[in-house]
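Please look through the structure shown below.

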Amino acid sequence: MPERGPVGFGRREAPVEVAGGTASSPFPVGAVRLDDESIAGLLPERPARGHKGTFGKLLVIAGSLDYAGAALLVCRAAGRTGAGLVTLAVPESLQPLFAAKVVEATTMALPEDDVEEVDPEPALARILDHEHDAIIVGPGLRPGLATAELVRSLLPTAGEADEVDAAPIVLDAEALRSMATIDRWWEGDRRPAVLTPHPGEFARLRAGSGDRVVDDGDIAADDEARLAAATDAAVTWGSVVVLKGARTIVAAPDGTAAIAPFENPALASGGTGDVLAGAIGSLLAQGLAPFDAARLGVYLHGLAGDAVRERLGDAGLLASDLPDGLAIARKRLSALAERRRGTKRLGFAALGVPADTLPSRSSDPSAEPPPDGR
């Protein structure tokens, strides 16, 4: 009888070599392999007396008539990852459509110079006037010069109320394609950024760098090449780079890199990247540094994907299956973090009584059984 796989959440370990089969390729040297223990400590705290403002305000600039689902997935994923307030900014002609679709998020209309096409200058002014702790831009945006100009204007810190502490940004999908057309976009004072390209978007960004010809090799299937390319790009661009795919690479501007253990063909469906962008943006809004938010977001996304794969198999996963799994995965990691800190007690306890004041057999001699065992 074949050995059963693990049930529920958990990492799928790389298969070992067996007779008649082949082993998965080893993990590349130079990157930290993410696991439960290393990731649990990154979870942002949830104070018992916190409120929606405590847990971050996220501004999402996403969606168009043809790609409305991308914006909705981002917002739902952000909420399920813990963001307190999510605002979806869309062209003003589309606001009634999106306002009817999002439930927990609010919407904000961006000025247009044509139907569905934002007017970059007044749109930027409205964005900067909105109170937010982090930004996501790109998923499902309509391609065009106006979008490219809006993305270009969002990269610098100029215009922020506190330019030294400018809100970090997640750049995904159409934002990345726009950046590939902007020469040396990474220069100057820029807000902290997390870039989330798949291999095709990454190759376009590298080709558009303009200062040198880059041969990154096979960045879809060769883990060594993926790690080297993502790390070099992160250092060059001064931003965190999440190179998506099997064994997603997360690289930091200082040359540090991490690799996720997940290899899940069920995630190869439209919209799963939008869910990842929402998770990372949510964690940025909750106060995590870009490298931490990217690693934790990638890991939660991988756990959620593995859980759906356990139920449905290698095909049939929909992006809308993932957001609820993000919250469940976070709960599991949170329980692990509490056990490591020794703050979670098993059994009954009086509500309102601090755990460390409750008597235990080891601290209360009167609780010990009498010597005769009665």
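Which residues in H7 meet residues in H8? The model is predicted, and in it Pro199, Phe202, Leu205 and Arg206 are the residues on the H7 side. On the H8 side they meet Arg226, Ala229, Ala230, Asp232, Ala233 and Trp237. By class, this contact of H7 with H8 has 7 nonpolar and 3 charged residues, and no polar ones. Helix H7 spans residues 199-207 and helix H8 spans residues 223-237; their axes come within 12 Å and cross at roughly 50°. That angle makes H7 oblique to H8. The crossing of H7 and H8 is left-handed.

The next part to find is the sheet. It is an open sheet of 10 strands with mixed pairing, and the strands lie in the order S1-S12-S11-S10-S9-S8-S7-S2-S3-S4. Strand S1 (32-33) and strand S4 (106-110) are the edge strands, each pairing on one side only. Within the sheet, strand S10 (residues 240-243) and strand S11 (residues 249-251) run antiparallel and are joined by 3 bridges. Here Val241 stands opposite Ala251 in S11.

A helix also packs on this sheet: H2 touches strand S2 (57-61), strand S3 (85-91) and strand S7 (134-137). The direction of H2 makes about 170° with that of S3.

H2 has a helix partner as well. Helix H2 (residues 68-80) and helix H11 (residues 322-341) have axes that come within 8 Å and cross at roughly 15°. Angles under 35 degrees count as roughly parallel, so H2 and H11 are roughly parallel to each other. Their crossing is right-handed. In H2 the residues involved are Arg76, Ala77 and Arg80, which meet Pro323, Asp324, Leu326 and Ala327 in H11. The contact of H2 with H11 has 4 nonpolar residues, 3 charged residues and no polar residues.

H11 can be followed to another helix. The axes of helix H9 (residues 272-285) and H11 come within 10 Å, crossing at roughly 40°. H9 and H11 are therefore oblique to each other. The crossing of H9 and H11 is right-handed. H9 contributes Thr272, Val275, Ala279 and Leu283 to the contact, while H11 contributes Leu322, Pro323, Leu326 and Arg330. By class, the residues of the contact of H9 with H11 divide into 6 nonpolar, 1 polar and 1 charged.

Notes: Residues numbered from 1 in each chain as written. Predicted model: local features only at pLDDT ≥ 70, side-chain atom pairs only at ≥ 80, totals over all residues. Heavy atoms only, no water. Axes fitted to C-alpha atoms, helices over the stretch in contact; angles between N-to-C directions. Helix = DSSP H or I, 4+ residues; strand = E, 2+ residues; numbered from the N terminus. Parallel < 35°, antiparallel > 145°, perpendicular 65-115°, else oblique. Left-handed = near helix turned anticlockwise from the far one by under 90°. Contact = heavy atoms within 4.5 Å. Nonpolar A, V, L, I, M, F, W, Y, C, P; charged D, E, K, R; others polar. Pairing = 2+ DSSP bridges.
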